[in-house]
Amino acid sequence: MSGDSVIELTSLSKRYGSTAAVDELDWSGGRGVIGLLGPNGAGKSTLLRMLATVLSQDSGTIRVFGLDPAVAAERLAIRRRLGYLPQEAGLYRNFSAYDLVDYVAVLKEITDRTTRRDEVRRVLADVGLTDEMHRRIRTLSGGMQRRVALAAALLGHPDLLVLDEPAAGLDPDQRLRMRTVLSDVGQRATVLLSTHQTDEVAAFCQRVLILDRGRLLFDGTPRELAGRATDRVWISDVPEAGALRSWVTGDGDIRNIGTPPTGATVVEPTLDDGYLLITTEVGVRT
Amino acid sequence: MNSVNQATRSVAQLGMSRGCPDGRSDAELVAAVVDRDRGALQELYVRHEPWLSIRLAYRCSDRSMVEEAVQDTFVAVWGSADKFRATGPVAAWIWGIGIRRLLHVMRPRKSLRERLLAQRSPELLSAEDELLVGVEHGDVGLALGRLSPELRMVVQATVLDGLSCQEAGRLLGIPSGTVKTRMMRAKREMREALT
Amino acid sequence: MTSVDQWHVSDHELERYVNHTVPTFARASVEAHLLECDRCRSELNLLRSTAAPDGDDDDVWLRIADRIDVTGRPLRSSTTALRVSTSSPLLLAATLSVAVGVVIGVAIAAAVAPRASLPLFVMLAPLAPVVGAVLAFQTGIDPAGQLAMATPLASGRLPYLRALLSSGAALVAVAVASVFVPVGLDDVAVWLLPGLALTAFVVAVSTWVDPRRVALTLACGWALLVAMWSWGPRRRTISLDLSNLAVERQSVQLMLVAVTLGSAAVTFLRRHELPGWRSR
């Protein structure tokens, strides 16, 4: 394999009944933190599960580290360098956080007891759960439970981290901490995370993908995404009929996206604006 | 930047956040330990290890044994925090565990018969003993100082350290009967010294 | 306690205590006081750290942490597949309750309608390991849920090892419990062989599709078969003559063994497959 892309997708498709969760997706990339944006039902989770070698595709090819998850031996090799955080972790609530992460460490073939103990401590410290590590999972808050699952995904220094809405249920302080950890991991590995929050993407993703109804609508940097809405955003006092989207901002003004009329007060676009523009325009077209 | 990260990581690994002080009381910490709060145990360690190590060192000159006893103590605190009854200060409870752990480290396990004999409940403190426990700088301390070393050690072991006669005997290397007789002599002498 | 408020250990005395140079009578009062006064204890901590500022402290704490940072799970020192397979408490609990439930059900039937207890036992006993195997494949049974599915060990052997363990446990539980329930069964092969064959077949099927429907169909089929043997139109009375049970015949027994071994071979060969049904 020539390219140094960690992930390569070619005409990837997956259907559930008559709906296409992933529709002829082509993409390649790797290294750094990549954010996956998109509305609910866009196919983000499905895509992530295929990348995590947990779900097989209907058609098309996937290559992770140049290996094919459809081949059993290669799938095993991928999993040895992979960390996955599903949307619903489904952790057994009677285990302590330590027990659970230790169990996953065994599943990740960390056989030596001392190494395993140090690894478990390391990842729990990374997510800030050192003091809580011996408490049962059912006594922990939702955000803490999410962090336990994240810790388990971080075991073994994976080269590819696939995270499905990792920050769900975390307060801003915890999100910041998580971002620090993930940025750190992104220095030498690939982090692919899905999220609803554009501000999260703006904060630390080097690359952004927008997925809607199984199709890739955008692939670029956060700045490029905001740039898509250059000269397409303006402020007004009353809702404009010609705008694609309008809403009232905190100041009381109306913010509009679309084609501004002449003389309108055009403003600097944000990431949000770019995202809304792209997803709304597609909706209008289809 | 990386070395700072690594240092922070290893500090975090030990769980030592020297930054923010823990404002909880000792009793609250013990309750938190029952709830498996590792940070609470660490805080108890930070607060109580120093005096415990020093006090045990007065009873045993072997530093490695003292260290082992201190380790055992805090592991025991982790395991049996639910047994703490708030009838006295946490430090006293910790001392009770600590001195017994030291005994365990210093003297290997005796035969089953001796251990069964030791199971009988320790004697309750008498009124004079309770007075001695509330020792303050002054007359009583001086009276204690005037006792001969062998009597003083017995008083320290039984009254101040809270050991039973059998345990005091093991610590001092004398039979428990001798402990009892020396105790009686010590009380008599101190009573005479105080009046 | 007013005495504590009124009197504290002087710095000088505390220092002598830390350095082991304090006179004996003062030592006792210092020690007793320290038990009750956190202010003087903090003073002592400060004195001690300035006297011995080396990082020994961390070392001792780390050794304590090494003793408390252990998993509470059983077989903690073993990292074999055995440990991982048994690490699902839900699975074992569910399987054993099914197995015991079967036996209790039959026992109750034995009390109420003695003649029906044997056919009921032959009907239900082989199904206990089948249930155990099916349970092993449910995602909820793994302590790490969905997360475990992307790990190397979960890749191949794990779900099948779990199925093996739980169906084995169910078989043993039924066998042991049946000793105490008088169903009058002489030949254990009557329920054991069908049990093994059904379980092995269901596990082999799981390498392709979700085994639940298959298991349900087979279970109903088996129950029907046993019912027909016991109470079919050819029999006038409800008494079950063992020599007439088809399973007694050697040819049938051989067939069941063949099914068991064949299914096991298929499972072994296909153990690394990624059947789509296993991730919904």
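Modeller: Residues are numbered from 1 along each chain as its sequence is written, and chains are lettered from A in the order in which they are written. Because the model is predicted, local features need pLDDT of at least 70 and side-chain atom pairs count only at pLDDT 80 or more, while totals for chains, interfaces and linings use all residues.

Colleague: What makes α11 and α12 of chain C roughly antiparallel?

Modeller: The axes of α11 (residues 189-205) and α12 (residues 211-231) of chain C cross at roughly 155° and come within 9 Å; angles over 145 degrees count as roughly antiparallel, so α11(C) and α12(C) are given that name.

Colleague: How do you know what kind of residues make up the contact of α11(C) with α12(C)?

Modeller: Residues are in contact if their C-beta atoms, placed from the backbone, lie within 7 Å, and among those that meet are C:Leu198 in α11(C) and C:Trp222 in α12(C). Ala, Val, Leu, Ile, Met, Phe, Trp, Tyr, Cys and Pro count as nonpolar, and the contact divides into 9 nonpolar, no polar and no charged residues.

Colleague: Why are β11 and β13 of chain A said to stand at the edges?

Modeller: The open sheet has the order β11-β12-β10-β13 in chain A, and β11 (243-248) and β13 (265-266) each have a single partner strand, so one side of each is left without a neighbour in the sheet.

Colleague: What makes β10 and β12 of chain A a pair?

Modeller: Strands pair if DSSP finds at least two bridges between them, and 4 bridges join β10(A) to β12(A).

How values were computed: Helix = DSSP H or I, 4+ residues; strand = E, 2+ residues; numbered from the N terminus. Axes fitted to C-alpha atoms, helices over the stretch in contact; angles between N-to-C directions. Parallel < 35°, antiparallel > 145°, perpendicular 65-115°, else oblique. Contact = placed C-beta atoms within 7 Å.
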